[in-house]
Amino acid sequence: MKKQDARLSAAQLYRSVDLKQYDFETTADLEMLQEVIGQPRAVQAIRFGIDMSQPGYNIFALGPTGLDKRKLVQQFFTEQAAQQPTPPDWCYVHNFDHPHKPRTIELPAGKGEDFRNDMEDLVEELRTALSAAFESEEYQTRRQTIEQEFRERQAEAFNELQQRAQEEGIALIRTPSGIAIAPVKDGEVLSPEEIQKLSEEEQTHIQEEITTLQEDMQKIIRQVPSWQHKMREKLNELNHEMADFAVGGLMDELCEKYEDFPDVIEHLDAVQKDVVENADQFLSSEDGSDQTMQAITQRMGGPPALQRYVVNVLVDNTETEGAAVIYEDNPTYQNLVGRVEHRAQMGALLTDFTLIKAGALHRANGGYLILDARKVLMQPYAWEGLKRALRAQEIHIESLAQIYSLISTISLDPEPIPLKVKVALLGERLLYYLLWQLDPDFAELFKVAVDFNEEMARDTESQRLYAQLLVTLIRKEELLHFDRGAVARVIEHSARMVGDAEKLSTRMQNVTDLLRESDHWARQEESDVVTARNVQQAIDAQIYRADRLRERMQEAIQRETILIDTTGAVIGQINGLAVLQVGDFAFARPSRITARVTLGKGQVVDIEREVELSGPLHSKGVLILSGFLKGRYAQDQPLSLSASLVFEQSYGGVDGDSASSAELYALLSAIADVEIKQSLAVTGSVNQRGQVQAIGGVNEKIEGFFDVCAARGLTGEQGVLIPASNVKYLMLRRDVVEAVEKDQFHVYAVETIDQGIELLTGIPAGQQDADGNYPEGSLNALVAQRLKMMAEKRQSFSEATKEESPT
Amino acid sequence: MNTQGQRYNIRRIVVALDASPHSYAALEAAVRMAAHFGAELLGLYVEDINILRLAELPFVREVGSFSTTSRRVESQDIERQLRLRTLTIQRKFISLATQQQVQQTFRVTRGTVVTEIREAAAEADVLIVGKAGWSKISGRRLGSTARAAYSDDTPDLTVILQDGTRLGTPLLVVYDGSPLGQKALDVAAALMQTRTGPIHVLLLADGQMRVSGLQAAAAARLQAHDIAGRYRALTESNVPKLARAIQCEDSATLIIPVRIALFQEDALLDLLEEVDVPILLVR
């Protein structure tokens, strides 16, 4: 191939934006972009995921950071949510039958707050109504009547006993520990002497009477508890009657208001029953003793007395319009599923239904929830909790401490709330595939993959839309407006960001950063408009902030600490090009690749591989080139060489096969004993048929070698060989393009090894004829001749060895 | 006791104690009154001789108030119980009296309760007793000690109160125009000393005609003490009506002459049964 044919023109090295396609002066003249560009697959997937209402069609938005995945997903969710009905409010109320299992009540949006307020008002009104009822004259009179009845019954019994005793000259006397019956005279107990003075008959009569009276007193005393019980029953009935009356009217009003909500009615019935049973709690004073009693009661289980009737509005959608779209930035288990809080009282941790707190799933119920996948996975139990809720289609608040503790403590088991939510996880691709592979639940619950593109096609139409997209970002960030040139420069740099002249980057975060920084530089100059120069300033500044290592490497090359030739020619030595990625910045590292050949059995030794500094792809590249050698030159004779290849002065790992063509050139040079021009560098992978294949980082590689040559002074002979299939990726720096324009530097696109070797050696490669021979003096002929010679030598050595040892 | 013009002075107070809730209410009232007047306070506990005698009669049995078990009355047990009760009462007495920095004496005697109390009260200006003690077997609201205190002639002032009440304002004086009625006004004025507010006066008149005269007399008596009065008349005076009138006044302390011309001798006992507020009987 002729050198001239392979050489690229300056126009082929950088695809500019044609400013004629833009009819605006600055972005102030442009409308913002209303549609989404560059993500047709993702958009369709999101719409599909939203439309699929069946369980399991949750979304995983996959792609690297900077693609604005969250923004896009949120935008679609918000648009859809606005057309959906507002989800209901959810409340927790006390379960009077099972206090540790609070019940849920679903109410239309906004009604939850009403219900809570109504119940609070009810409690206050009940206080007043019950106080009035129990302080009323009717109640007091009836109560006193009941108590009086008991007293009278008791008094009557004792009076009758006393009367009988008195008639016999006997009295009932209270002792410190009971009641004694003894004979008295004038109010004093008879002494033994006085008893002795009585007749035998009188003494016996007295004793018999005392015994009878004692037995009768015992009977009376035994009856007292029963009378007390009956009195208490009557008092209870009276209390119930009064409470029922006081409560009934108030409850009827509420029941009428909530007649369309059976759960509320059921709860109100339970409240009424409980109020009637515990009416005395509404009459408690506010002194310390009652508070102490309340605390003790609470410690034994259950919320404080009047707290039982309040309503915990867990989810309040009063202010919500349409369905909710929630992004949970800290997706811990509790933040997702909700939690039951505790409070410390009298040295113990207590809880009740009022301390149940909503999680993100509650807030998003009926709508949409967006989560960062990595964050969810990093939080203990959060992933399992989320899956459990999605599988069961309900939110069941369980305390992790209770689940995983060794001792079961009393806690709450709130009634689960039905869940209907669309979840979108955002994460990297690797995460998605790992989950898909390793978690069997994942594929069932997240059926919709929203795969984001990192780049989009670049054409006139897409560039126009891209400009509008920039306008949207500029306005959102409140930046200065960009002129046409600045817009064009940003678009061109967007192509450079993806390393492809035919594509534009969709990593909007990076683009936004560039816009912000360009704005900064413009403002530094007190300019009103951002120009292309400001954009370049921003790009240069970004590079400068990141390229300390590149600068050091270039310095090492210039100082010849790292040996790289850029002039002359050497047998078996070539300039290869590798790319290093440091953070977000990539740069080229020119490397000297050398090859040595000796007589051998056909092995091509990759020294990097021998010392385990070669990655598998690099090793594969070396094996491929040795396959090429054998395929081309060892059809009629065995390959009788031993070759070694090495990246000189490389002390770190090497991987990838982008240098395999360079290694092959070096090897051919060493075999043919022909010099390779050191003014050229090579990048490109080779296959077994000698075709040069595309590689990555082509722009960085060309610029890397250019920088070495430029630092030493361009000679006009220097350049880089790249695969022809990489031409469409070229978006080179301005200085490189200018050097090419001035014929001071060159970029060659090659398709085959033969093309490349011609450029590197200046000797035609030579085509094989029908007899399998190469033209005399061609490089292939030189290689073939050398290999034939080596084969013959090896043959003679081996025969000589056999002669020397006949056995 | 001294009567200086119309000023009333109290120097010695006796309070009867038996560890019942009513007697503790009496104790608190006694301590406060002693502090108010700077008087000496005697706390008296009488070990009822009748209880000790029970142990001497072998055929007497004691029945538990709650357990209903019947057991022999042993003198050692009785003695022990009485000692325990003494200790309890004494501690309570000393504690309350010391808090109010009252000059105090605690005495234990053994004998008939009414007799011992009468004897101690003879030397005192005021006797304070609980409305009922432990002897309230029959359910009657007024105990034997309180009944006896009502019936006795000394001292000049006897206070009867029940558990849950305390001497306080407003004071209600029952005034019938008699010298005792005037004394009752003087006592009320003395109790008011540093307090503010009118004294409520219930005028017992046997007709509308007498009301204005009674009121004028009462007002003049109170005026001498620089105290205002609030007046209400009862023209048909019987005990039930009087009891209702007293309840309607919503007062904290009732001061009433022990003999009222309009009522029969023991008619006021029924009043003492009915009324719940502390009663100060004036002789």
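Analyst: Start at the hairpin of β23(A) and β24(A): 2 residues lie between its strands, and A:Gly583 takes a positive phi near 65° there. Strands here are DSSP runs of E, at least two residues long, while helices are runs of H or I, at least four residues long; both are numbered from the N terminus. This is a predicted model, in which local features need pLDDT of at least 70, side-chain atom pairs count only at pLDDT 80 or more, and totals for chains, interfaces and linings use all residues. Residues are numbered from 1 along each chain as its sequence is written, chains are lettered from A and ligands numbered from 1 in the order in which they are written, and side-chain values use heavy atoms, with hydrogens and water left out.

Two strands count as paired if DSSP finds at least two bridges between them. Across this pair, A:Ile574 stands opposite A:Ile593 of β24(A).

Buried means under 20% relative accessible area, exposed means over 50%, and partly exposed lies in between (1.4 Å probe, protein chains only). β24(A) also pairs with β26(A): the two run antiparallel, joined by 7 bridges. There, A:Val597 has A:Ala643 of β26(A) as its bridge partner.

β23(A) has a further partner too. β23 (residues 573-582) and β28 (residues 680-682) of chain A pair in the parallel sense over 2 bridges. A:Gly576 has its bridge partner in β28(A), namely A:Val682.

Contact means heavy atoms within 4.5 Å.

Chain A as a whole holds 28 helices and 32 strands. Of its 807 residues, 48% are buried. Among its contacts between residues at least 6 apart in sequence, 78% join residues at least 24 apart.

One residue elsewhere in chain A is worth a stop. A:Ile210 lies in helix α7 (residues 200-257) of chain A. Its relative accessible area is 1%, so A:Ile210 is buried. Leaving aside neighbours within four places in sequence, A:Ile210 is in contact with A:Ile170, A:Ile181, A:Ala182, A:Pro183 and B:Phe59.

Chain B has 9 helices and 14 strands. Buried residues make up 53% of its 283 residues.

Look at β11 (residues 199-204) of chain B: 6 of its 6 residues are buried. B:Ile199, B:Val201 and B:Leu203 point one way, while B:His200, B:Leu202 and B:Leu204 point the other way. β10 (residues 171-175) of chain B runs parallel to β11(B), joined by 4 bridges. In that pair, B:Leu172 stands opposite B:His200. β12 (residues 229-234) of chain B also pairs with β11(B) in the parallel sense, over 6 bridges. There, B:Leu203 stands opposite B:Ala233.

The structure holds 1 cavity of 30 Å³ or more. A cavity is a set of points on a 1 Å grid over the protein atoms alone where a 1.4 Å probe fits but cannot get out; lining residues have an atom within 4 Å of a point. The largest cavity has about 40 Å³ of space. Grid points are joined across faces, edges and corners, and the volume is the space filled by probe spheres set on the points. Lining residues include B:Val114, B:Leu127 and B:Asp152. α4 (113-121), β8 (126-130) and α5 (144-151) of chain B each give two or more residues to this lining. α5(B) gives the largest share, 3 residues. By type, the lining has 6 nonpolar, 1 polar and 1 charged residue. Ala, Val, Leu, Ile, Met, Phe, Trp, Tyr, Cys and Pro count as nonpolar, Asp, Glu, Lys and Arg as charged, and the others, Gly among them, as polar.

Note on methods:
1 Å grid on protein atoms, 1.4 Å probe; cavity = no way out; pocket = protein on both sides within 12 Å on 5 of 7 lines; lining within 4 Å.
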